[in-house]
Amino acid sequence: MANLVVKVQTEDLQPGQILAEDIRDPFGRILLYSGATLTEFTIQGLREREYIKTVKVRISPEKIAPGLLRPEESLARIPTQVHQRIGGFFEKARTSAQVKEEAIEHLSEDVQPVIENIFGTEPAIVHNLRLLSNHDDHTHQHSWMVMLLSLSILREAELKGFLKPDKHDKTDMALGALLHDIGKTQIPLKILNKPGKLSAEEWQKMRLHSTYGYRMIRSLSSLMPVSKAVVGHHHRYLDGSGYSAEGLPFLEYVPDLVRIATVADIYEAIVSERPYHIAALPYHAIKILEQGSKKLYDPRYVSLLREIVAAFPIGSLLLFSGGLVAQVEDVDLKEKDNPLLLIVGSFNRKYAPHLGLRYNLESPPSGLPGEPELLLGAYSPAGLASKIRAGFQLQKTPYDLLGSDASIGLYSLPDWESSFCENFGFLLQIF
Ligand SMILES: [Fe+2]
């Protein structure tokens, strides 16, 4: 694939260009991942950040060929002000600890263009979708994503004939998803953004966000009971485990819109980068949801989500057992679980002769690993290195992760050499 990597001033960025580097804020937090397709919306977000002057992009004309409607493109038609207004709503909730009736009326109007975009376009695959918020506020960002995912699942459920949502159901879904974590605006930021594990006491406080959130919205007459149920019960699972807002009666039957929001919420939490958690690939997030489905989550909505998301975002890195590292170079939307891989490196000499080889995940050439051998995935070499370290902490031996051959080393394509040394050098000390 003839991709051209070029450095472009933010003023000159064009929708459809693909990021060739992670974009971080001044604190090092990832705003947009390498591999994301730029939209009017994300470009505007980049231009607003004065500390970002130039961005490396891969230009790939076939990505914007007509007929390949991507949600980034369809969602790009959502007026930017909608996302900003919703950000303002979260800011207000944080300072005033109240949600006013008229704020819900405004939100109901604000989500209409989002609903129209999701329900009014061709079904599309959610790629490496990250939208920049003006405030880098995680609750706003997470809630926005959970809304987009919940509406996308609802749309798929309508197409498959599971549900027949009317205009009100769609608005109730959007508002419930947007507000599900509104109680987090009342949790101290030092707990919300704490790197590492929460103590038992902090965890207790964190769980209170359901209760705080429910208290903030329970008396609003413009918010429907099902949206309130999303706020109060989104951490209640199908087998009765989990928790609800204090004071709410036990839910015998979890409504469909709550089930959808729960699936979207867990998924979004797993794939997003947080101070205490390295972002997982959609592939691994779906696997985790599938393991919990039937018992915890509704399997119908997990499988609809699986159809909506691209399991392997372009640009992500995969580690296979035996120590082979490949980058996802392209994804054909018609075969989205079968990405084109480029072998960029290996921790084992046996794969060194194959560096630079391209193959599709579902049809590996003989001797090379395929999906059953896939161990870990990440959006960057640093992310992959963190995941390998975490794997060791889980008492996986280096041999489980990298193969039992004695020929361990760092082998990579010339372009990847410095990044491999920097990020994976620690492996050499282990052996
Ligand atoms: Fe929550």
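Let's start with isoleucine 86, which touches Leu107, His140, Trp144 and Leu178, leaving aside residues up to four places away in sequence. Touching, or contact, here means heavy atoms within 4.5 Å. Isoleucine 86 sits in helix α3, residues 80-96; helices (H or I, at least four residues) and strands (E, at least two) are DSSP runs, numbered from the N terminus. With a relative accessible area of 0%, isoleucine 86 is buried. Buried means under 20% relative accessible area, exposed means over 50%, and partly exposed is in between, using a 1.4 Å probe and protein chains only. From C-alpha to C-alpha, isoleucine 86 and aspartate 110 are 7.9 Å apart in space, and they are 24 residues apart in sequence.

A quick word on what you're looking at: this is a predicted model, where local features need pLDDT of at least 70, side-chain atom pairs count only at pLDDT 80 or more, and totals for chains, interfaces and linings use all residues. Residues are numbered from 1 along each chain as its sequence is written, and side-chain values use heavy atoms, with hydrogens and water left out.

Now let's step back to the whole protein. There are 16 helices and eleven strands, and buried residues make up 56% of the 431 residues. Of the contacts with a separation of 6 or more, 70% are between residues 24 or more positions apart.

On to the metal. Which protein donors does the iron ion have? They are Asp181 (OD), His209 (NE2), His234 (NE2) and His235 (NE2), lying 2.1 to 2.3 Å from the ion. Donors are N, O and S atoms within 2.8 Å of the metal (3.2 Å for Na, K and Ca), and water is not among the atoms, so sites may look incomplete. Along the chain, the donors follow the spacing D-x27-H-x24-H-H. Aspartate 181, in the loop between α7 (167-179) and α8 (189-192), and histidine 209, in helix α9 (residues 200-217), are 28 residues apart, so this pair links distant parts of the chain. Aspartate 181 counts as buried because its relative accessibility is 2%, and histidine 209 is buried too, with a relative accessible area of 2%.

Finally, glutamine 17, in the loop between β1 (4-9) and β2 (18-19). Is glutamine 17 buried or exposed? It is buried, because its relative accessible area is 10%. The side chain of glutamine 17 reaches the backbone nitrogen of glutamine 14 at 2.9 Å.

Conventions. A polar contact is a pair of N or O atoms within 3.5 Å; within protein, one must be able to donate a hydrogen and the other to accept it, and residues adjacent in sequence count only if both atoms are side-chain atoms.
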